[in-house]
Amino acid sequence: MDFMNDLRFKGIEKFDRRVWLSSPTMHGDEQRWVDEAIQTNWVSTVGANISVVEKEIAGYIGVKYAIALSAGTAALHLATKLAGEKLYGQARPNAGTLAGKKVFCSDITFDASINPIAYEDGEAVFIDTEPDTWNMCPEALEKAFEIYPETKLIVVAHLYGTPGKMEEIRRIADKHGALIVEDAAESLGAKYKLHAQWVETGALGDYNCISFNGNKIITGSCGGMFLTDSKEDADKVRKWSTQSREAAPWYQHEEIGYNYRMSNVIAGVIRGQIPHLDEHVRQKKAIYERYREGLRDLPVSMNPYDEKASIPNFWLSCCIISPAAMAPHVRGEQDELWTSSPGKSSPGEILAALAAFGAEGRPIWKPMHMQPIYRAHGFITAEGNGRAKSDAYMAGGGVDVGADIFRRGMCLPSDNKMTAEQQERVIDIIHRCFE
Ligand SMILES: Cc1ncc(COP(=O)(O)O)c(C=O)c1O
């Protein structure tokens with residue numbers, strides 16, 4: 001489609017600089033701490049920046065210990081392994097701690113949330129999404145425990161910075177004696193009201209993880225953290241992350257290790273970013289509210305959140321098209337086809353239009369139960385087993401909230417450096433897609 005010559009878009013100018021989905025925002029102090037690491041020669045996985053960021057993030061989130069790691073994925077791996085070891089004992093060096101065990105997990109999330117289950121030889125079972133926050137559905141989780149009562153671990157993510165229904169999820173976990181790995185990679189700075197108390201995401205699970213990936217609300221270019229109140233768990237994760245060395249004069253190993261510790265140079269970038277976390281959340285919130293206002297007259301709604309029980313960090317603003325206003329749009333495994341239709345539009349058309357004018361949106365994270373790699377894994381909805389619901393002789397199929405959000409929803413440009421004028425142009429482009 002040639003958007004530039006499409007009369008619907010007449011008068012709209014291409015952005016001279018690309019408007020990003022969510023890119024790093026540096027403030028200056030990052031340079032100072034990186035320089036200090038280099039000047040003092042602490043260019044290693046030890047140094048003052050690491051100690052400072054661990055202390056500051058633990059203080060911000062309200063946990064006793066934060067262990068700085070090379071990535072959120074590393075944090076999730078060690079959190080998942082720790083949970084596996086707690087539940088099922090220490091595994092042999094060539095085996096995962098979750099061998100032969102099922103783990104219930106969020107379905108609309110980035111695959112880094114749940115791949116560690118496979119690293120540990122476990123089997124992810126995907127829990128469908130609820131429409132109120134686009135996170136793990138508590139009813140579906142209850143159904144999952146009915147079907148697989150022996151399961152003892154849940155991995156839950158807060159999509160796009162919106163806290164999920166953690167009070168219900170915690171109640172269900174406690175009822176079934178299950179542990180929770182919390183993936184707060186996208187939600188650093190978001191808060192949730194648990195038993196009438198505001199708690200930061202990253203302090204809601206039994207094992208908690210955050211990320212400083214380049215697209216996150218604050219960044220070190222990469223990096224992540226494991227968060228806990230347990231000294232024993234903190235010590236174990238620190239040990240595993242530094243190759244599991246024992247206290248001997250030589251390299252001595254009692255258990256498998258990993259090279260997952262954060263670099264002091266990366267920690268310098270994060271040290272310069274932490275003072276700006278709340279400011280970034282405010283900017284992201286303003287973006288969300290501008291979209292909500294600007295798109296109000298269209299048949300779309302924003303990614304929802306529970307205003308009473310949560311304060312998102314508004315990392316990514318998304319919208320979802322109402323079913324009646326969906327223009328034809330089909331997706332294959334790696335390609336898609338859509339057509340324009342008066343008064344209607346589709347994520348395919350809107351994302352292509354934005355791209356043509358130099359703005360970056362993205363489809364909703366494709367649900368894990370739809371991913372080729374995990375297609376043979378269980379998927380549980382609020383109605384029970386979500387697999388094998390179609391029939392050649394009967395119309396319909398089961399509910400699949402995640403597939404529906406993926407089909408109708410999209411992530412909008414949410415960069416906190418986007419100006420109000422640029423965002424108005426994005427909003428204008430979206431309007432014209434519906435003409
Ligand atoms: C939900 C979620 N979990 C985990 C990760 C992985 O974090 P990292 O990139 O720091 O390894 C990401 C993003 O990168 C994410 O969005």
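Author: Start with a term: a residue is buried if 20 or more other C-beta atoms lie within 10 Å of its own, exposed if 12 or fewer, and partly exposed in between, with C-beta atoms placed from the backbone. Helices (H or I, at least four residues) and strands (E, at least two) are DSSP runs, numbered from the N terminus. This is a predicted model, in which local features need pLDDT of at least 70 and side-chain atom pairs count only at pLDDT 80 or more, while totals for chains, interfaces and linings use all residues. Residues are numbered from 1 along each chain as its sequence is written.

Reader: OK. Which residues are buried in helix 7?
Author: In helix 7, residues 231-241, the buried ones are Asp233, Ala234, Lys236, Val237, Trp240 and Ser241. They sit on the same side of helix 7, because they cover an arc of only 165 degrees around the axis. The arc is that of the directions from the helix axis to the C-beta atoms.

Reader: What's on the face turned away from the buried side of helix 7?
Author: Lys231 and Glu232, which are exposed.

Reader: And what covers the buried residues of helix 7?
Author: The cover includes strand 1, helix 3 and strand 9. Contact here takes C-beta atoms, placed from the backbone, within 7 Å of each other.

Reader: Strand 1, then. Which way do its residues point?
Author: Tyr65, Ile67 and Leu69 point one way, Ala66 and Ala68 the other, and all are buried. Strand 1 pairs with strand 9 (residues 224-228) in the antiparallel sense, over five bridges. Two strands pair if DSSP finds at least two bridges between them. Ala66, for one, has Leu227 of strand 9 as its bridge partner.

Reader: Switching to the ligand. Which residues come nearest?
Author: Ala71, Gly72, Thr73, Ala185 and Ser211, out of 15 residues around the ligand. To be near, a residue needs its C-beta atom, placed from the backbone, within 6 Å. Helix 3 (residues 72-88) gives the most to this shell, with three residues.

Reader: Last topic: what order do the strands take in the open sheet?
Author: The order is 10-12-18-15, four strands with antiparallel pairing. Strand 10 (300-302) and strand 15 (362-363) are at the edges with a single partner strand each, so one side of each has no neighbour in the sheet.

Reader: How many bridges join strand 15 to strand 18?
Author: Two, and the strands run antiparallel. Pro363 stands opposite Met410 in strand 18.

Conventions:
Two residues are in contact if their C-beta atoms, placed from the backbone, lie within 7 Å.
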